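The sequence and structure are shown first.

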Amino acid sequence: MAIDLLKAPLQTLESPFLKERAVGLSMLRLDRIHPLIPGNKWFKLKEQIRASQRRGKQQLLTFGGAFSNHLLATAAAAKASGLASLGFVRGFHGREPLSATLSDCTDLGMELRFLSRADYSRKHDPSFILQLQQEFPGALIIPEGGNNAAGRKGAGDIAALIPGDLDLVVLPVGTGTTFCGIRNALDAGIRMLGFAGFKNGAHLEQEIEKNLVYPRSGWELITEFHFGGFARHRPELIRFMNDFYHQFSVPLDFVYTAKMMYGLFRMIADNRISPGSRICAVHTGGLQGNRSLPSLLF
Ligand SMILES: *Cc1c(COP(=O)(O)O)cnc(C)c1O
């Protein structure tokens, strides 16, 4: 499961707006490290793969939606590591045509099982997990989004790619696995903002606190830039993505990184970020999900 970290450069973003606000902004381009296992997903999976090898497992079993970056990354990581993979897909009855993401998963050898929303909601239920483990004894069961200690440990290695002379690191948050991994490994003097691209971020805040070494300090979750909910979007967001691409030559995904950068720019404009701040934004990838958008200029 080799990746090329040299392809994860720290790109300086410059614009008249940022100059006027005296904000120094760079972006860690993790979207470029691997075509199928980009962004935070490679980091979250690498320790899971190591655990599967240590425990003599031959298969990775995990959960995701029809456009899930995690599901596709797991399929690709399993294939690259000589493991089989099994994906449980949410709210899909197997009658609809496969999404581009799911069809890529099957091309990579992943077997798919479709669960009703009610069954899928049991994904963290210990009795359901036990039942799955009995049915698939050779499988390493990875929670949705790679959200476990191995996921956080792997994600912590992203901190080493972030320069030390910063005031603030920003990144998008889904399950919070990546956020916790980086927060626990990063210099405590650097603040972090997590951008939740969905409603009800408050619950996530508690989930994050549970997994932090210093739960109460040095970070904040920003929940207002959700654009109607998870994987929802509005013309304004798509316009922002296109403008961003034309200005900085950086493609963003509409589920995570576009909402983060929109929110960050809004906060800079509203003086919620101090002038003079040196910021690093983590590009967590996810670009394959843009295939579900009907129109995008880049
Ligand atoms: C999966 C994903 C996230 C969320 O990561 P978590 O560790 O679950 O918080 C953020 N950005 C992108 C592009 C992703 O694919």
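Helices α2 and α3 cross in a right-handed sense. The model is a predicted one. Helix α2 covers residues 39-54, and its axis comes within 10 Å of that of α3, at a crossing angle of roughly 50°. By class, the contact of α2 with α3 holds four nonpolar, three polar and one charged residues.

**Other helix pairs**

Helix α2 also packs against helix α7, which spans residues 149-156; the angle is about 125° and the axes are 7 Å apart. This angle makes α2 oblique to α7. The crossing of α2 and α7 is right-handed. On the α2 side, Phe-43, Lys-44, Lys-46, Glu-47 and Gln-48 take part, and on the α7 side Ala-150, Gly-151, Lys-153, Gly-154 and Ala-155. The contact of α2 with α7 consists of three nonpolar, three polar and four charged residues.

Helix α3, residues 69-80, has a further partner in helix α4, residues 100-107, with an angle of about 15° between them and their axes 9 Å apart. Angles under 35 degrees count as roughly parallel, so α3 is roughly parallel to α4. The crossing of α3 and α4 is left-handed. Leu-71, Leu-72 and Ala-75 of α3 are in contact with Thr-101, Leu-102, Asp-104 and Cys-105 of α4. Five nonpolar residues, one polar and one charged make up the contact of α3 with α4.

Which residues come nearest to the ligand? There are 15 residues around the ligand, and the nearest are Lys-41, Asn-69, Thr-175, Thr-178 and Thr-284.

| Residue | Distance to a ligand oxygen atom |
|---|---|
| Asn-40 | 3.0 Å |
| Lys-41 | 2.7 Å |
| Asn-69 | 2.7 Å |

For Asn-40 and Lys-41, the side-chain atom in the pair is an N or O atom. In the case of Asn-69, a polar atom of the side chain lies 2.7 Å from the ligand oxygen atom.

**Backbone geometry in two loops**

Most residues other than glycine have a negative phi. Ser-249 is not a glycine, yet its phi is positive, at about 60°. Where is Ser-249 found? Ser-249 sits in the loop between α10 (235-248) and α11 (257-269). Asn-271, also not a glycine, has a positive phi of about 60°. The loop that holds Asn-271 runs between α11 and β10 (278-283).

Note on methods: Residues are numbered from 1 along each chain as its sequence is written. This is a predicted model: local features need pLDDT of at least 70, side-chain atom pairs count only at pLDDT 80 or more; totals for chains, interfaces and linings use all residues. Side-chain values use heavy atoms; hydrogens and water are left out. Axes are lines fitted to C-alpha atoms, for helices over the stretch in contact, and angles run from 0 to 180 degrees between N-to-C directions. Helices (H or I, at least four residues) and strands (E, at least two) are DSSP runs, numbered from the N terminus. Angles under 35 degrees count as roughly parallel, over 145 as roughly antiparallel, 65 to 115 as roughly perpendicular and the rest as oblique. A crossing is left-handed if the near helix is turned anticlockwise from the far one by less than a right angle, and right-handed if clockwise. Contact means heavy atoms within 4.5 Å. Ala, Val, Leu, Ile, Met, Phe, Trp, Tyr, Cys and Pro count as nonpolar, Asp, Glu, Lys and Arg as charged, and the others, Gly among them, as polar. A residue is near a molecule or strand if one of its heavy atoms lies within 4 Å of it. A polar contact is a pair of N or O atoms within 3.5 Å; within protein, one must be able to donate a hydrogen and the other to accept it, and residues adjacent in sequence count only if both atoms are side-chain atoms.
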